[in-house]
Amino acid sequence: MSRAARAAGALGAALLAAGCVTGGGGGAPPARSAGERLYRSHCAACHRLRDPGEQTQARWAWAVERFGPRAHLAPEERAQVLAWLQARASDAGR
Ligand code: HEC
């Protein structure tokens with residue numbers, strides 16, 4: 001196995017482990033949600049991805065409204081991204 005392949009494997013395992021932690025208890029967490037995939041693939045074009053817990057729900061609403069069009073997200077994709085972010089926002093579940 002090449003060094004690059006090994007590194008990719010280790011990264012994949014780390015991501016999987018992180019997914020299990022954030023997935024919480026009860027059943028296997030589903031593979032990445034559409035909202036998360038869209039966020040990761042569209043919102044890193046201009047700056048690093050912010051951790052969802054860095055912002056409040058109101059702040060995410062502002063950000064997705066403001067940057068959604070520039071990130072080339074369709075309105076229904078924006079809604080998916082926003083729902084995913086808000087569920088993990090700093091003030092989620094309060
Ligand atoms: C066209 C370029 C561009 C795209 C695409 C983009 N952003 Fe931004 N974003 C910026 C700029 C410029 C700033 C202000 C400077 C900075 O904080 O890096 C910013 C700032 C932010 C902030 C504020 C950060 C803070 O510290 O308060 C958030 C939150 C954010 N963006 C979220 C998003 C989300 C969510 C998406 C995807 C829907 C997105 N951005 C896509 C350009 C972009």
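Me: What makes up the shell around the ligand, by residue class?
Reply: Nine nonpolar, four polar and two charged residues form the shell around the ligand. Ala, Val, Leu, Ile, Met, Phe, Trp, Tyr, Cys and Pro count as nonpolar, Asp, Glu, Lys and Arg as charged, the others, Gly among them, as polar. This is a predicted model: local features need pLDDT of at least 70, side-chain atom pairs pLDDT 80 or more, while totals for chains, interfaces and linings use all residues. Numbering starts from 1 along each chain as its sequence is written.

Me: Which residues are the closest to the ligand?
Reply: Cys43, Cys46, Ala63, Phe67 and Arg70 are the closest of the 15 that surround it. A residue is near if its C-beta atom, placed from the backbone, lies within 6 Å.

Me: Which element gives the largest share of that shell?
Reply: Helix 3 (residues 57–67), with three residues. Helices are DSSP runs of H or I, at least four residues, and strands are runs of E, at least two, numbered from the N terminus. The chain has four helices and zero strands.

Me: How do you know that the length of helix 4 agrees with its residue count?
Reply: Helix 4 (residues 75–87) has 13 residues. The expected span is 1.5 Å times one less than the number of residues. That should give 18 Å, and the end C-alpha atoms are 18 Å apart, so the two agree.

Me: Which residues of helix 4 are buried, and why are they placed on the same side?
Reply: Val81, Leu82, Leu85 and Gln86 are buried. They cover an arc of only 125° around the axis, so they lie on the same side of helix 4. The arc is taken over directions from the helix axis to the C-beta atoms. Their cover includes helix 2 (34–42) and helix 3.

Me: Why is His72 called exposed?
Reply: Buried needs 20 or more other C-beta atoms (placed from the backbone) within 10 Å, exposed 12 or fewer, and partly exposed is in between. His72 has 9 such neighbours, so it counts as exposed. It sits in the loop between helix 3 and helix 4.

Me: Where is the pLDDT below 50?
Reply: The chain averages a pLDDT (the predictor's confidence in each residue, from 0 to 100) of 82, and 67% of the residues score at least 70. Over residues 14–25 it is below 50, and beyond near neighbours in sequence this stretch has three contacts in the model. A contact needs C-beta atoms, placed from the backbone, within 7 Å. Where pLDDT is low, predicted coordinates should not be read in detail.

Methods. Contact = placed C-beta atoms within 7 Å.
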